[in-house]
Amino acid sequence: MEPNKGLVSALFLFFLLHATMASPTPKPHIKPRPPPHHPCRHLTFYFHDIIFNGKNSKNATAAIVGSPPWGNRTILAGQSHFGNLVVFDDPITLDNNLHSAPVGRAQGFYIYDRKDIFTAWLGFSFVFNSTQHRGSINFAGADPLMNKTRDISIIGGTGDFFMTRGVATLETDAFEGEVYFRLRVDIKLYECW
């Protein structure tokens, strides 16, 4: 009977090793790649900024409220405007015509924040109160002005844009000296409620 016990033990060991080796080894958990994001909403607006220069108080929609010691409040400081803080309440239009009927207001501020490069930091809202849109879209981010297009974050919203998030691509559409500029804002919302 001993040979049967040895044969049974050998067969048992063989099947045990075979079962152990045939079972799949655990692999690290790999998350599947998310599908490419597509915007749930895509909008394009223009906003028109007219900086107060000491002579245009009736038309101005923006004002320098802070300047470095070497600057003043009617002329942007130096070559890169470093240290200037500008607040604005600009009209938003659906096309690039300043005289088109506004669909809302762009309200906020920008700070020229680099000494050696022409760049700013923006914090503002598009505030809508029209038949098409009600509520606000809130934006924040760096604006490297020398780039043709710049992306800033959409960090929230209210009303029709409640808790929305996405990306806005800014493009300087026109400018006249340091008094007027127009931005084209291409909005892609990725979270819509």
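Is Lys148 buried or exposed? Lys148 is exposed, at a relative accessible area of 62%; the classes are buried under 20%, exposed over 50% and partly exposed in between, with a 1.4 Å probe and protein chains only. This is a predicted model, where local features need pLDDT of at least 70, side-chain atom pairs count only at pLDDT 80 or more, and totals for chains, interfaces and linings use all residues. Residues are numbered from 1 along each chain as its sequence is written, and side-chain values use heavy atoms, leaving out hydrogens and water.

**Salt bridges**

- The structure holds seven salt bridges, each a side-chain nitrogen of Lys or Arg within 4 Å of a carboxyl oxygen of Asp or Glu.
- Lys148 pairs with Glu171 at 3.0 Å, N to O. Lys148 sits in the loop between β6 (134-143) and β7, and Glu171 in strand β8, 23 residues apart. Strands (E, at least two residues) and helices (H or I, at least four) are DSSP runs, numbered from the N terminus. Glu171 is partly exposed at 21%.
- Arg105 bridges to Asp89, with the closest N and O atoms 3.1 Å apart. Arg105 lies in strand β4 and Asp89 in strand β3, so the pair ties together parts 16 residues apart in sequence. Arg105 is partly exposed at 28%, and Asp89 is partly exposed at 33%.
- Asp116 and Arg114 meet at 3.4 Å, N to O. Asp116 is exposed at 60%; Arg114 is partly exposed at 37%.

**Disulfide**

- There is one disulfide, defined as a pair of cysteine sulfur atoms within 2.5 Å.
- Cys40 and Cys192 form it, with sulfur atoms 2.0 Å apart. The link is right-handed, with 80 degrees about the S-S bond.
- Cys40 lies in the loop between α1 (2-22) and β1 (41-50) and Cys192 in the segment after β9 (180-191), so the pair ties together parts 152 residues apart in sequence.
- Cys40 is partly exposed at 41%, and Cys192 is partly exposed at 35%.

**Aromatic pairs**

- The whole structure has 16 aromatic pairs. Rings of Phe, Tyr and Trp (its six-membered ring) pair if their centres lie within 6.5 Å; planes under 30 degrees apart are stacked, over 60 edge-to-face, and the rest tilted.
- Phe88 and Tyr110 have ring centres 5.7 Å apart and planes at 40 degrees, so the pair is tilted. Phe88 is in strand β3 (residues 85-93) and Tyr110 in strand β4 (residues 104-112). Phe88 is buried at 5%, and Tyr110 is buried at 4%.
- Phe128 and Phe161 are also tilted, with centres 5.5 Å apart and planes at 45 degrees. Both are buried.
- One aromatic cluster includes Phe88, Tyr110, Phe128 and Phe161.
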